[in-house]
Amino acid sequence: RAIETTAREAILIDMSTGSVLLERNPDDTMPTASMSKIMTVYMVFEALEQGRLSLDDMLPVSEYAWRKSGSKMFVEVNTTVRVEDLIRGIVVQSGNDASIVVAEALGGTEEEFARQMTERARELGMTNTSFRNSTGWPDPGHFSTARDLAILAQRIISDFPQYYHYFAELEFTFSDIKQGNRNPLLYRDFGGDGLKTGHTDEAGYGLTGSAQRDGRRLVLVLNGLESVTVRAEESARLISWGFREFENYDLFAADETVEAVQVWMGVENTVPLVLAEDLAVTLRRAVRNDLEVTVRVDEPVAAPIAAGQALGTLVVTAPDTPPRTVPLLAGADIERRGFFGRAVVAAGHLIYSALN
């Protein structure tokens, strides 16, 4: 049975297999507070990757950005700030001012940047997300879901490994003001290395976090918690549970023959079934021995067959685990027999049928 959580919304995912280990109201829309800034940073990283920004670019601070209340990096109006400092100001210090500086630089206005954030989020598969600003400032039209934020976290980790290290930095000093990272996972000993906390009165206390241990990476989203202390304890408890109770098991490598099936009217009698990618599953350690793997395919398969052609499915089941279904592909080209060969096979089939 899945562990309980006091979070209003929650999801815990094993990133390498995509398995959901825990969920509670994962598709309910919710205010995201400063967890929205992960998307702001995603847009900055993308601009760096595309060459539209560099880490050494200096961006201007408007009066609007300078005046913004809430958590701050403490930039000064009518100055310019280096992009790399702004990244740290957003990630480590959760600066609303820093977020607006990059929004205005990339979008012209914060409103236009928020529109671009929403559009890009939809392209990433975040179908229940809408941004109205770069900071997570409360707005009825600004929302996401635990599942969508988990998608975003996984994309920022996989798309920008060269920049992900900013999320693990414990402190940052700007304008002689030192601030510490609010992410409680960074101060535990189980491999926490990101991403971002959030809090407003409506949202409660939230966290989009990640930790890596022994080659496994877990992504956790929690929201609606009642205090900083509860957020720290609950996030640590769930991450520890995910690493302790579950393990990843390698089943098949890409292009490894899973099974060979009969071919009708082919120059070869069988065709190997393979997977397009390596297949690993995340299971509770307690049910490892109850794992079942079933091949579903209608035999025989008629030639001609093209390598890569979908011929069936592989179904992986285990207790208390949603079934995993993966396409099985032809591992080789199988040509159709010529007229004489087909006639021989057909005659043989008729004789066999008559005798049986």
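The following conversation covers pockets, aromatic rings and a sheet in a predicted model.

Student: What kind of model is this?
Tutor: It is a predicted model, in which local features need pLDDT of at least 70 and side-chain atom pairs count only at pLDDT 80 or more, while totals for chains, interfaces and linings use all residues. Residues are numbered from 1 along each chain as its sequence is written, and side-chain values use heavy atoms, with hydrogens and water left out.

Student: How much space lies in the largest pocket?
Tutor: The largest pocket holds about 370 Å³ of space. A pocket is an open set of points on a 1 Å grid over the protein atoms alone, where a 1.4 Å probe fits, with protein on both sides within 12 Å along at least five of seven lines. The volume is the space filled by probe spheres set on the points, which are joined across faces, edges and corners.

Student: Which residues are closest to its centre?
Tutor: Of the 21 residues that line the largest pocket (an atom within 4 Å of a point), the closest to the centre are Ser19, Val20, Thr282, Thr321 and Pro322. The lining divides into 11 nonpolar, six polar and four charged residues. Here Ala, Val, Leu, Ile, Met, Phe, Trp, Tyr, Cys and Pro count as nonpolar, Asp, Glu, Lys and Arg as charged, and the others, Gly among them, as polar.

Student: And what about the second largest pocket?
Tutor: About 270 Å³ of space lies there. Its lining has three nonpolar, 11 polar and four charged residues.

Student: Changing topic, how many aromatic pairs are there?
Tutor: The whole structure has nine aromatic pairs. Rings of Phe, Tyr and Trp (its six-membered ring) pair if their centres lie within 6.5 Å; planes under 30 degrees apart count as stacked, over 60 as edge-to-face and the rest as tilted. Trp241 and Phe246 form an edge-to-face pair, 5.2 Å centre to centre with 80° between the planes.

Student: Last one: in what order do the strands of the open sheet run?
Tutor: Six strands form the open sheet in the order S14-S16-S17-S12-S11-S15, with mixed pairing. Strands are DSSP runs (E, at least two residues) numbered from the N terminus, and two of them pair if DSSP finds at least two bridges between them. The edge strands are S14 (292–296) and S15 (301–302), each pairing on one side only.

Key
Helices (H or I, at least four residues) and strands (E, at least two) are DSSP runs, numbered from the N terminus.
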